[in-house]
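Subject: Structure handover and findings

Dear colleague,

Please find below the structure for your review.

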Amino acid sequence: MVERPEPASLKPYRERWSWDAVYWGSHCVDCYPGSCPYRVYVKDGKIAYEEAAGTVAAVVEGIPDRNPMGCQKGAAWSETLTGAERVLYPMRRDGPRGAGRWKRISWDAALTEIADGVIDAIQEGGPETIVHEMTPAEGGFMAIWPVRRLLCELLGGISTDVNAVINDFQPGHYITWGKFNPVSTPESRWYAELRLIWHSNPAYTQIPNYHLGCEARYQGTEVIHFAPDTSPSHVHADYYFPVRAGTDAALALAMCKVIIDEGIYDRKFVQRQTDLPLLVRLDTHRFLRQSDIEEGGSEEQFYWYDARAGEVVEAPRTTLRPGRRDPALEGRYSARLKDGTRVRVAPVFALLRAHLAQYTPEKAQQITDVHPDVIRRIARKVATRRTTIGMGMNLCKYYHGDLVQRSMILLLALTGNWGRHGSGIGSWSPGNFEGPGIFGAKTRPGPEETRRVLRQREAALPLMRAMYPDMTDEMAHIEGMVNAMRAGLGGIVPPAWMWYYHAGFRERWNVGEWNDPSMKRTFDAYVQEALDKGWWQGTTLPAADRPPRVLFEVGGNLLRRQRGGRTHALKHEWPNLKLIVSVDWRMSTTGMHSDIILPAAQHYEKPNFHLASPSLLQLTYSDTAVEPAGEAKSEWEIFKLLAGKIERRARRRKVVSYSDHAGRERSFKDLVYRYSLGLDTVDEVIEEWVRDTAIAGNIAKGESLKTMKKRGYAMFTDIGQSVSMLNQASDIEPGKPFTSLTWHTDKLLPYPTLTRRAQFYIDHDWFLEAGEELPVHKENPAMGGEHPFVLTSGHNRWSIHSMNITNKLMLQTHRGAPHMVMNTGEALRRGIADNEAVRVFNDCGSFEVPVKLSESVRPGQVIVYNGWDPYQFKGWTGPMDVEPGMVKWLHFAGGYGHLRYWPIQWQPVQVDRAVRVDIEKLPASALG
C-alpha cells in the first residue's frame, strides 16, 4: 500500500496540538470543592493548552469515578495569564486612589514603602491595626498561608475571618450541631434514595461533580428541586416545585408536621440524637436544669422524663446512649425545684408538636405557593427514604437563612437522615492538609523537627482530656480554640466589629425597618449587651478607638465582594487607611483603589495546592509549568522578601521589639528565618508540607513533592487532629464513601452543643424574645426599603467569582456583559424589552444594567448573578451598591453553651439575598 503524504492543510492543526512538556496543574481557587487535576501542555516556554486529566482513581468499587473533574473555566484558564488585566510589575499609584494612574517601581522600592508603613502602624497604633482581609478566592494555600504567617502569626496583625468575609457560614447548622461544616464525599450521595436540591443550582456551581448526582438516578435516586426560579438544574430533576423566595422554612416545617401527625418519624433517632426529649419548664420556657433542682447545681445538666421508670431523670452528657431509659417525647409532667415547689414541664417534642399547628400544609401553601398535596407527598417520601438535601451557599446569605436551615435539619432529624450514606445536608469545610500548620510550629526544617512537633501535640492530648474529662476530643479541641480566641491569641477575628466600628455599617444596622420586627430594642442595645457581658472577649478588633491603618488584600477583591459595595467602602473604610496593598495577578477594583500593587504569579506559574476538603479527601497539586510573567512572584516569595525588608528597616530605625494588644512581646529579629525556616525556594516549602503531612499520617507514607509531580494528587487516609476534621465526626475507611457525623449516630458520641445533642430548642434570652427558640418561618425584612422587587443572586456558570469574568473565551459563551434576569411578562408591562437598560435602585443606592427577559424568573423577583466586577458596570456601581449589608442581630448572641466564636464558626455575617429594589427604564443610549 502506497502511503500518501499528509495534506499540508493539516500541518497547522498538528502544530496546534503539539507540545514540548506537560505538567500537572489545577486552579487553586474558591470553587468548592474544586481540586480538579489538569494536564498543562507547554510549547516554546508558553502554555499551549490545558485539559482535564481524568486520572483520579475510583474511590468506591461499583460507584462511578469522579472523572473527568473539570469545567469550561479550567479548560480556558491559560487565557487569563495573558489577559489585558494582568499585573506584571510592582506599581505605585500616581494620583488619587482610584484615578487609574500608576507608576512602575522596583520591587525594592515597593517593599521598602510597605515595610515602613507596617512598622509605622505598629509603632503608632499597634500591630492589630494591620489587617489582612482573609479570602481563599484566587490563590489556594499560597494566597493564605504566607500572608497570615508573616503579618498575623509573627507580627501580630489580624485576619478577618474568611467565612464571614465570603459569607459561606451556615448559622442554622451551627445552632443545631455546634459546628457548621459536616460534609460528605460525592460517593456518599450515590446511596441516596431521595435528593432534595434546595437553595442550590449544582449544574452551574458543581460542574465537576454534577455527573455523579445524575448517574445516581440510574440506580433509582429520585431528585426534587425547590427554587423560586427555574434553572439548568431543575431540567434534570424528577420534580420541580417553585417556592416563593425566602419561605422555605414554612415548607420544611409543614413537612415536619405531616411526619409527626402521621407518626412516621424515627423515634429512636429522635430520642438519641436530638434535644427533643429534654424537659422545658412551662413557666419560664427554659430547659429544666440541675441548677433549678439542686443548690449549686450545674447550668448545663438537663433532664428527661423516663417513661419506663415514671420519673424525671438526668439526661447523660458523655454519651447519647439512653441505656435502660425510655425518654418520653409527649406529655406534661411535674418536677420538684430546690425550694420545694413544683413546676410543670414538657419535652421539647411536645412543644414542637404544638408549635407546628401553625404549619398545616394548607397554611404553608398561603406562604410558599406550594400545593398541600405536594407537601404531604414529599414529607412521606422523606420519612421512608434515605434523603439528602443538596443545599448550596445561597441560603446562608438570607437574613433568616438560619431559620430555614434549622427547619431543614429538623426534617432530617425526624426521619433519621444524617450519619449514614446517602443522607445529610450540604455545607463546606477545610480539610486535613496538616503540613502548613506543622511548618508554622517548627523551629527548623526537617523530619526530626516534625516528629518533635507531633510528639508535643500527642503529649498535649492527655492533658487536654484531663482538663475536660467529660468532653470528646472534638469538644476539647474546640474549647482550646475558644480559649485562645478569648485570650487574643488567634490572629483571626470576626469582621463584624470592623464593619460596625470602622466601615459605616452601624448606622445601617440600626435602621429598624430593615431588621426583623421582633427586635425589641435598637441594634446598638444588643451589641452593647454583648460587649458588656464579654461574649466576644479577645475578638473585638480593630478596636473602636484604633481604626485599621494598613490593609492587605491578597487574591481577593473587597470592593466587589463586600456587601454595601465600592461606594460605601470608599466613603467609610478607605479614608482611615494609611496604606493599602494589593497582591494580585490582575487589576481588580480593589487594586485600582490601592496604593501599591504587587504582581503575583498565576496558576501554572508557581507550585500550589488547592484548598483541601473532606468533601473530596483529595490533595491536588499544581506545578510550575512556565516562568511567571513579567516580574510576578509567588506569594511565598513576596512575603519572604517583605519579611527581610521589614527586618532590615526595623534594624535601621532601631526598632527591636513591641507589644501586641494581648500584652505579648514581639520582635523583628530573625523575621526571615522564622518565616521561612531558612528555606530558599517555594519548592522546598512544598516538600516540607507534603512530607510533614505524610509523617502525621494524613496521607500515605512516602508521599512527597516527587510523587505529587508524578501523579498530581494524593488521597487523605486519616482524619487527623485539625478541628475542622474532628468536626466531621467520622472515620476515613479505604474503599468506602466518607459520610460525616457517624461518630454521633453509630458510636453515640455527643455533639459539641450546650445540651450535647442536636439542638432545636434555644432558650437564650434573645432567642426567646425573638420567638426563635424553635425553628419558625419569618418573612424577609424590607432590606433597602419598601420596594416591589426582591433581588436575588447566585454563582454564574461563566466565572469562579469574578476571576474568569473577563476571560475572552468565556465572554463568548454569554452576552459578554452584566445583565439582570427579569420575568418577561412583568418587564413588558413596564415597557421594558430584552437587552434594554434599566436603573435598579433602593434606599441604599442604584446601578444600571441591561435586562435579559426570561420566563424562568418569578414575577416580583429579579436576578443578577454573582461575579461581575464593578468596572463592568456604568459608573462602577453594581448590585453590591444596593445591598445594605445587614446582619441578623441574634448572631451577636453569646454566653450560651456553643454560641461563642472560634475561627470560621459562630459569628455575624452580612446577607445579600432578597434585597428590596425598584426598576425604571432608561433611555436607549443610557449604557453607551
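Which residues make a nonpolar surface patch of about 300 Å²? The patch is made by Leu10, Tyr13 and Trp17. Leu10 sits in the segment before helix H1 (11-16). With a relative accessibility of 32%, Leu10 counts as partly exposed. Please bear in mind throughout that the model is predicted.

Cavities and pockets

The count comes to 7 cavities of 30 Å³ or more. The largest cavity has a volume of about 450 Å³, and 33 residues line it. Those that lie nearest its centre are Arg560, Arg561, Arg563, Asn866 and Gly867. Two elements give two or more residues to this lining, namely helix H24 (558-561) and strand E27 (789-792). By class, the lining of the largest cavity divides into 10 nonpolar, 12 polar and 11 charged residues.

The second largest pocket has a volume of about 370 Å³. Its lining consists of 19 residues, with Lys46, Ile47, Ser78, Leu81 and Thr82 lying nearest the centre. Strand E3 (residues 46-52) gives the most to the lining of this pocket, contributing 5 residues. The lining of the second largest pocket comprises 9 nonpolar, 3 polar and 7 charged residues.

Salt bridges

How many salt bridges does a search of the whole structure find? The search finds 73.

Arg561, one of the residues nearest the centre of the largest cavity, forms a salt bridge with Glu133 through their side chains, with an N to O distance of 2.4 Å. Arg561 lies in helix H24 and Glu133 in strand E6 (residues 130-133), so this pair ties together parts that are 428 residues apart in sequence. Are the two partners buried or exposed? Arg561 counts as buried because its relative accessibility is 11%, under the 20% cut-off. Glu133 also counts as buried, at 4% relative accessibility.

The side chains of Glu362 and Arg376 meet in a salt bridge as well, at 3.0 Å from N to O. Glu362 belongs to helix H15 (residues 361-368) and Arg376 to helix H16 (residues 372-384), and the two residues are 14 apart. Glu362 is partly exposed, at 37% relative accessibility, and Arg376 is partly exposed with a relative accessible area of 23%.

In the pair formed by Lys874 and Glu848, the closest N and O atoms are 3.8 Å apart.

Finally, salt bridges that share partners join Asp402, Asp516, Glu772, Lys778 and Lys888 into one network.

Yours sincerely

How values were computed:
Residues are numbered from 1 along each chain as its sequence is written. This is a predicted model: local features need pLDDT of at least 70, side-chain atom pairs count only at pLDDT 80 or more; totals for chains, interfaces and linings use all residues. Side-chain values use heavy atoms; hydrogens and water are left out. On a 1 Å grid over the protein atoms alone, a cavity is a set of points where a 1.4 Å probe fits but cannot get out, and a pocket is an open set with protein on both sides within 12 Å along at least five of seven lines; lining residues have an atom within 4 Å of a point. Grid points are joined across faces, edges and corners, and a volume is the space filled by probe spheres set on the points. Helices (H or I, at least four residues) and strands (E, at least two) are DSSP runs, numbered from the N terminus. Ala, Val, Leu, Ile, Met, Phe, Trp, Tyr, Cys and Pro count as nonpolar, Asp, Glu, Lys and Arg as charged, and the others, Gly among them, as polar. Patches are made of residues with over 30% relative accessible area and no salt bridge: like charges are joined within 9 Å, nonpolar side chains (Val, Leu, Ile, Met, Phe, Trp, Tyr) within 5 Å. Accessible areas come from the Shrake-Rupley method with a 1.4 Å probe; for residues, only the protein chains shown count as cover. A salt bridge is a side-chain nitrogen of Lys or Arg within 4 Å of a carboxyl oxygen of Asp or Glu. Buried means under 20% relative accessible area, exposed over 50%, partly exposed in between (1.4 Å probe, protein chains only).
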